[in-house]
Amino acid sequence: RYEMDGRFLFNVLNSGRIQTNFQSSKSGAALQQLTIKQLRALQIPAPPKAAQQAIARRLDCMADESRRLESLYRQKLAALDGLKKSLLHQGFRGEL
């Protein structure tokens, strides 16, 4: 038995490969769910705990940067939309 860092485990369980596995393993008609047996059957390869923590920190930094870039992108889109509206307004008023 080995120790698993919680943040590392969170990232592993949210990875595409595991999510695909979850989707194909769900059971139930009205409310699809994973059973404890299915969760226990998961084999999660894990490096030593210090490496898990380093990986989790790196992934956290990447997620923060991703959110920052998304916010910047949304701001740029809003500014472009405002410019477009302003140009259209000026064009229809014959101010260009």
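**Notes on the predicted model**

1. By class, the residues that line the largest pocket comprise 6 nonpolar, no polar and 1 charged, where Ala, Val, Leu, Ile, Met, Phe, Trp, Tyr, Cys and Pro count as nonpolar, Asp, Glu, Lys and Arg as charged, and the others, Gly among them, as polar. The lining consists of Met4, Leu9, Leu13, Leu39, Arg40, Leu42 and Ile44, and the elements that give two or more residues to it are helix H1 (6-13) and helix H3 (36-41). The space in this pocket is about 210 Å³. A pocket here is an open set of points on a 1 Å grid over the protein atoms alone where a 1.4 Å probe fits, with protein on both sides within 12 Å along at least five of seven lines, and lining residues have an atom within 4 Å of a point; the volume is the space filled by probe spheres set on the points, which are joined across faces, edges and corners.

2. This is a predicted model, in which local features need pLDDT of at least 70 and side-chain atom pairs count only at pLDDT 80 or more, while totals for chains, interfaces and linings use all residues. Residues are numbered from 1 along each chain as its sequence is written, and side-chain values use heavy atoms, with hydrogens and water left out.

3. The average pLDDT of the chain is 86, and 90% of the residues score at least 70; pLDDT is the predictor's confidence in each residue, from 0 to 100.

4. The chain has 4 helices and 0 strands, helices being DSSP runs of H or I with at least four residues and strands runs of E with at least two, numbered from the N terminus. Of its 96 residues, 9% are buried, which means under 20% relative accessible area, with exposed over 50% and partly exposed in between (1.4 Å probe, protein chains only).

5. Phe8 sits in helix H1 and is buried because its relative accessible area is 6%. Leaving aside neighbours within four places in sequence, Phe8 is in contact (heavy atoms within 4.5 Å) with Pro45, Ala46, Pro47, Gln52, Ile55 and Ala56. Phe8 and Gln52 are 44 residues apart in sequence, yet their C-alpha atoms are 5.6 Å apart.

6. Met4, in the segment before H1, counts as partly exposed at 25% relative accessibility. With neighbours within four places in sequence set aside, Met4 is in contact with Leu9, Ile44, Ala46 and Gln52.
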